[in-house]
Amino acid sequence: MQKRKKNKKQNTNKNVIHLDSSIENEDKVQVEKEKKVKRKFHLPKFRMNLLTLLILIFTPILLFFIIAIPTIYIKTYNDNKVTPFASDLKDVKKSDIIYGNKNTIKDFNFLFYCTKYNDGGTVEFKSFAYENENTKNIIGNKSEISVKVGLCSNWVKTDIYSSSRSRRVANSAKTALGSSSYYATYSISNVPNLPVKGKLPFIKLKELTAYVYLTYTTTVNGTNTTKRYVLEYDYDDYMIGKITIDDTRDKKVRVNNGYIQWQFEGDSNSSSYWRNITSTTDLRPVDVKSTETEISWKYKTENDNEWKKLVDVADLSGVAADKAPMVTVESGAIKWKNDTDANTAWRTIATLNSLDMEVRYNDGKVEWKRTSNQTWNELTTLNSESKDYIEGVTPEVKVNPINGSIQYRYGNNGWREIKKITDFLTVEVQISSDKAHVEWKYNDEENWTRLVETSTLRSDSDTAVILPTEGGINK
């Protein structure tokens, strides 16, 4: 009985312990929940340091610069923005306008430059155009261009223009500068004093940009087309130093009065425009030498073993005995004199064009050829109508070296002239296909020989000189 009571008591205690444990566990769960709730809404402690403070201070300032300043600059730029020649181009389709710079136009050479710059006052310009290899094929001989000039700036709203000028395209820069038919001048007043400082921070306003509105008409296959250009010139493009412009036109050549001559295409045919390159007698220069017995010659291009006898000294009338005569080449002829003779006593032995010449009579015809060639060329015929004709007598023919002619005679009659050598042995000239050289040949030859480079055919009178610009902005 007592034992049962004791067990009962123990069980009671067990139950008490169990109950306490449950309460304890519930309390722990509740505490954990409260901790979780507290953890969920608890803000971390914020430690303020110098870096954080600087970030907080400068972030708004930085945002201002990133957003506000560009906005101000864009607004300022757009408020002052100008479109060059807006009124001139308002009714022109955008696709019909070509925008470019000083190198854009290819149909002719166009030069635009400042002649005088008064900072804060008046600026003067000059322009002209002259031909290049495309011009005549595109716009013809009487071509005209129209030019209008403007000075523009988007930061200070500068938008000032000159009046339009129409001028012809010249055949050269030299010609263009010599006549107001070709060059045009422009004056623009009320130019602001630039560069303006202090308008906006961080902006260095550049010098005024010049614009050229240029129009002209091309004709291709009978179709006329108006070309419109807006060309932009920075300050360094139109403010220039001294410029020398060579005449760039093609050249042409001719043979006239014993000289090879040249001139520019398009020049007058007046003799004053033709300039000598060389005498035709100097095309194949000759060397001469003499001994007591003979006078010899050779072309300068030949070797020393190619000397050819020209005449025996004994055949010269008036030659000093036992002395070699003096010889020279002058004015297309080989001449001689004694060393004791006056300088006026030079006597012709042979013209240069007679040196390499052979003639013959063949079946009623007089024929000629170069000694170095094999082919005979017909010169003329001799028949019953020829002067001094003798039936049944074969005429003699020869080269007369003294006067450079071909002669004939019948029997013992006097020699009669058929033709001067220069009448049938002519010089031909041309500009090479690459336009780099002047070439020549005799009419009986096939191959052309280079004479001079075309680039050497010029003189100071062929150039246009543009003096340095006056004034300008002090940089």
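Me: Before we get going, what counts as a cavity here?
Reply: A cavity is a set of grid points where a 1.4 Å probe fits but cannot get out. Keep in mind that this is a predicted model.

Me: OK, how many cavities of 30 Å³ or more does the structure hold?
Reply: One. The largest cavity has a volume of about 40 Å³.

Me: Which residues line the largest cavity?
Reply: Ser 127, Phe 128, Ala 129, Ile 145, Val 147, Arg 165, Arg 167, Tyr 182, Ala 184 and Tyr 186. Two or more of the lining residues come from each of strands E3 (123–130), E4 (144–153), E6 (165–168) and E7 (184–188).

Me: And which strand gives the most to that lining?
Reply: E3, with three residues.

Me: How does the lining of the largest cavity divide by class?
Reply: Seven nonpolar residues, one polar and two charged.

Me: Let's switch to pockets. What volume does the largest pocket have?
Reply: About 350 Å³. Its lining is made of 18 residues, and Thr 280, Asn 353, Leu 425, Val 427 and Tyr 442 are the ones nearest the centre.

Me: Which elements supply at least two residues of that lining?
Reply: Strand E11 (251–256) and helix H7 (421–424) each do. By class, the lining of the largest pocket has seven nonpolar, eight polar and three charged residues.

Me: What about the second largest pocket, what lines that?
Reply: The second largest pocket has a volume of about 270 Å³. Its lining includes Asn 109, the residues Glu 131, Asn 132, Glu 133 and Asn 134, and also Arg 249, Asp 250 and Glu 265.

Me: Which helix gives the most there?
Reply: Helix H4 (residues 135–139), with three residues.

Me: And the classes for the second largest pocket? How many nonpolar, polar and charged?
Reply: No nonpolar residues at all; the lining has six polar and six charged.

Me: New topic, the surface. Which residues make the nonpolar patch?
Reply: Leu 50, Leu 53, Leu 54, Leu 56, Ile 57, Phe 58, Ile 61, Phe 64 and Phe 65 make a nonpolar surface patch of about 860 Å².

Me: Where does Leu 54 sit?
Reply: Leu 54 is in helix H2 (residues 50–79).

Key. Residues numbered from 1 in each chain as written. Predicted model: local features only at pLDDT ≥ 70, side-chain atom pairs only at ≥ 80, totals over all residues. Heavy atoms only, no water. Patch = residues over 30% accessible without salt bridge, like charges linked within 9 Å, V, L, I, M, F, W, Y side chains within 5 Å. Areas by Shrake-Rupley, 256 points an atom, 1.4 Å probe, with all protein chains shown as cover. Salt bridge = Lys/Arg side-chain N within 4 Å of Asp/Glu carboxyl O. Helix = DSSP H or I, 4+ residues; strand = E, 2+ residues; numbered from the N terminus. 1 Å grid on protein atoms, 1.4 Å probe; cavity = no way out; pocket = protein on both sides within 12 Å on 5 of 7 lines; lining within 4 Å. Points joined across faces, edges and corners; volume = space filled by probe spheres on them. Nonpolar A, V, L, I, M, F, W, Y, C, P; charged D, E, K, R; others polar.
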